[in-house]
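Here is a short report on one protein model. Take a look at the chain before reading on.

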Amino acid sequence: MSTVTPGTATSGVATAPVTPANLPLRKRPVDIFFIVMFSLFIVTCIISDAIPTLGIPQTATTTNILAQWNYTYSSQYDPLYMQEPLWLRFITGTSAFVYLPFYVLLVICLVKGFNWIQLFAVIYATMIISLTAIPIFGVEFFGPVGQRTPNPIVFLLYNGPYVLVPLLLLIRMRKPLPFTRRF
């Protein structure tokens with residue numbers, strides 16, 4: 001007479017634990033939201049983060065349309081961004097040349113359900129919240145008068161998603177095998 005215990009086959013030989021199957025994307029609506037948001041972040045990295053990092057002048061008279069858009073935004077709502085201090089250029093450079101490729105990879109992993117992205121997503125979300133949001137939001141709200149945003153509500157509408165979406169991603173990736181569950 002043979003007894004079967006968890007982790008053993010009927011022959012008494014140990015078997016590997018069964019990994020649950022990933023849910024199809026259509027059953028993971030939160031991941032569809034992330035795909036849309038991080039696809040938008042890809043575009044905004046190119047528009048807003050590459051310009052100051054590459055030292056392209058952001059003026060009303062520039063012939064670069066992306067620099068003009070940045071100037072229009074920063075001249076009205078974000079004087080810190082218009083001043084381009086060196087430390088901010090390091091942050092925008094990280095966004096343009098590190099986060100941007102990560103966003104492309106993350107979107108692919110979200111679509112395909114590659115669970116190995118979990119650790120990298122946690123690292124990214126932690127970095128963006130601690131190394132980007134805290135210093136930038138700190139200066140925008142509590143910094144010197146010339147660098148503070150004149151319109152905090154509009155500033156938060158533009159920039160809030162860049163903190164809230166990574167925070168939601170961090171929550172999404174809180175447990176192993178994130179694509180085997182809805183959230």
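## Surface and burial

How much accessible surface does the protein have, and what share of it belongs to carbon and sulfur atoms? The accessible surface comes to about 10300 Å². Carbon and sulfur atoms account for 73% of that area. These values come from a predicted model.

Of the 183 residues in the protein, 38% are buried.

## Fold and overall shape

The protein has seven helices and zero strands. Along the sequence the pattern reads α-α-α-α-α-α-α. The radius of gyration is 22 Å, well over the 16 Å that the globule rule gives for 183 residues, so the protein is more spread out than a compact globule. Along the principal axes, the C-alpha atoms fill a box of roughly 85 × 30 × 25 Å.

Among contacts between residues at least 6 apart in sequence, 64% join residues at least 24 apart.

## Charge

The protein carries 11 positive side chains and 5 negative ones. The centres of the two sets lie 22 Å apart.

## Two residues with positive phi

Glutamate 84 is not a glycine, yet its phi is positive, at about 50°. Glutamate 84 sits in the loop between helix 3 (79-83) and helix 4 (86-112).

Leucine 177 is not a glycine either, and its phi is also positive, at about 55°. Leucine 177 falls in the segment after helix 7 (161-172). Is leucine 177 buried or exposed, or partly exposed? Its relative accessibility is 30%, so leucine 177 counts as partly exposed.

Technical notes: Residues numbered from 1 in each chain as written. Predicted model: local features only at pLDDT ≥ 70, side-chain atom pairs only at ≥ 80, totals over all residues. Heavy atoms only, no water. Helix = DSSP H or I, 4+ residues; strand = E, 2+ residues; numbered from the N terminus. Rg over C-alpha atoms; globule rule 2.2 N^0.38 Å. Buried < 20%, exposed > 50% of the residue type's maximum accessible area, 1.4 Å probe, protein only. Contact = heavy atoms within 4.5 Å. Areas by Shrake-Rupley, 256 points an atom, 1.4 Å probe, with all protein chains shown as cover. Lys, Arg positive; Asp, Glu negative; His and termini not counted. Charge placed at Lys NZ, Arg CZ, Asp CG, Glu CD.
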